[in-house]
Amino acid sequence: MKFRLIGAFAAVALLAACATTPKPTTTTSGAAAATSGPAPGSEQDLVRNVGDRVFFAFDKSNLTSEARATLDRQATWLEKYPQVKVLMAGNCDDRGTEEYNLALGWRRANAARDYLVAKGVSPSRIQTISYGKTRPVALGDNPQAWAQNRNAITSIQGFNPQAK
Amino acid sequence: MQELVFGRRGLLAGSAALLMAPQVGLAKPAPAAPASGSGGQSAVIDVNRAQIAPIPIAIPVFAAAGGKSGELAKGIVGVISNDLSSCGLFRPLDPASFVQAAASIGAVPKWQDWKVIGARALVTGKVEQPAAGNVRVEFRLWDVLPEKQLQGTAYTTTTSNWRRVGHMIADVIYERLLGETGYFDTRIAFVSEVGPRAARIRRLAIMDQDGYNPRFLTSGRWMALDPRFRPIKNELAFMSYAQNQPRVYLLDLGSGRESLLGAFQGMTFAPRFSPHGSKVILSEAHGSGSAIVVVTLAGMRATRLTDSEAINTSPCYSPDGTHITFNSDRDGSPQLYVMGADGSSPKRISYGQGRYFSPVWSPRGDLIAFIRQNGGTFGLGVMNTDGTGQRILSEAFGVDGPAFCPNGRVIIFSRTTPAVNAAGAGHSTHLVSIDITGFNERMVQTPTDASDPAWSPLLS
């Protein structure tokens, strides 16, 4: 949570800097200035300024206070950009069978989705999917990697980083 | 005398051609019958990795009659020998030890020449090419000690099917000498895995049981998982992520046509056919859990067998179709259960230490294979259908996806080797087969990393 907040502040500072004191190197192109921060309502905006994922304990799907804080920010962000539809993908570490983990990943995606819906996001804007243990974000085989792989990742439809 | 002739399209039609008086039908093998020669009273050898004495068998290169038949003869004998040795129950003898030259074996072998090298059984044969593109293979199986012929059969087929003739002969030898049906003329479907771990491409693939003739069944555009053979028909059920809507599909292996199975709101996964192939049982994700649902293929009628309050998945029928074993966390952690085929009287059967997954009922009906996680390791095990008599056959960092060969003697599964660093280097997944007694564990060669194996019924 601390990390996410620092990320958000850093991004805001950068945007402000661009708006007020453009660097000489960017003066030749307006587009270059725009790339120095994610476009509001974009996938990068979600990832960098809001937080696109929440984490779970082993074989669990209950939302921690940190996860709820991330989802609160996601709900606020989704309220701000009502045209955005998202995919909620549930994932697992590989400490279980593929079939069990498909069900567990679904349960995690569903828990995150239900939380967003309770916060006022329309269910029609959220599609849920489970990848089980097939799409690890951390590639090691150790407890630190497993902790990162037990997650639910929110992505803007069409920008799913895990889709294949 | 009738001959076994196969149509041009494959080895699916035809009738057996016995080169001697028809054999009396074999009695149904007792469950878990050990190989002959193992001796002893016990029906099941339950010492892990206990090596039983394999049957010494001599397989001289078949006689050849011109054309490419010499090459084919060598190839076919190679297939037979490899099948028999890889199952662990036979020991093909070194051809260098043979006393009687293969070419001089006439109507009857010189028995003494085969007894002296310790052969219990002898296989002889002849390969000819009666017409372009066709091959005729004649083989005889001899019981050396009582000096008698056990079997004589001739097969005629298109030349490109020559490996299958070898597998069919190996199946006949297996059945005649061990008293139970073989499993060599079969295929294995699996999920081929290629690419970096974070973006692996998972495609269905199929190959002969011995690893030959591999081919892909899906394009890789969408992730595919969970291939399962349909008994009798040339069809698979599997799970596809097409359009980001993970659902169970049917795949016709002849035409390659894929069709969505049923009309479900949620993700469907973990499909498996009923013993006669008329129904598919699967999991449907709903809310925070998943329900076990049976779909009757004629009419696509879906019936729920469990609720979805908890995870209910990995369903598998008993071979008589009266019961279903499945995986559920309804009691707080993943465990194994058995219920009636109508969903009645679910009963937990796993009470050992650890977390239990993926129960698969043996085709013999007497055992349930499973995956158990205990601390940091995963194990492949078998237990009686009431949960007693648990034995762990193989343990590793990760094992998953057990599947029985058609006679229930061998289990194939996937084994994961962990990464050695945070970048995922060294991580790999391969197929492994093991005898239900826990011996003869061996790597199954696949062209790529592989997981999720399924073993086809006998093709002939």
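Author: Two residues are in contact if their C-beta atoms, placed from the backbone, lie within 7 Å. This is a predicted model.

Reader: What makes domain 1 of chain B and domain 2 of chain B count as in contact?

Author: Five residues of domain 1 meet seven residues of domain 2 in chain B. The C-alpha centres of the two domains lie 35 Å apart. Helix α1 (residues 69-86) of chain B gives the largest share of the domain 1 side, three residues. That side divides into no nonpolar, three polar and two charged residues.

Reader: How do you know that β12 and β13 of chain B pair?

Author: A pair needs at least two bridges. Six bridges join β12 (residues 235-240) to β13 (residues 247-252) of chain B. B:Ala237 stands opposite B:Leu250 in β13(B).

Reader: Why are β11 and β14 of chain B said to stand at the edges?

Author: The open sheet has four strands in the order β11-β12-β13-β14 (chain B), with antiparallel pairing. β11 (224-229) and β14 (258-260) each have a single partner strand, so one side of each lacks a neighbour in the sheet. From one strand to the next, the twist averages 30°.

Reader: What makes up the contact of chain B with chain A?

Author: Chain B contributes 38 residues and chain A contributes 27 residues. On the chain B side, the largest share is three residues, from β27(B). The residues of that side divide into 18 nonpolar, 16 polar and four charged.

Definitions and conventions. Residues are numbered from 1 along each chain as its sequence is written. Chains are lettered from A and ligands numbered from 1 in the order in which they are written. This is a predicted model: local features need pLDDT of at least 70, side-chain atom pairs count only at pLDDT 80 or more; totals for chains, interfaces and linings use all residues. Helices (H or I, at least four residues) and strands (E, at least two) are DSSP runs, numbered from the N terminus. Ala, Val, Leu, Ile, Met, Phe, Trp, Tyr, Cys and Pro count as nonpolar, Asp, Glu, Lys and Arg as charged, and the others, Gly among them, as polar. Domain bounds come from an automatic or database domain assignment. Axes are lines fitted to C-alpha atoms, for helices over the stretch in contact, and angles run from 0 to 180 degrees between N-to-C directions.
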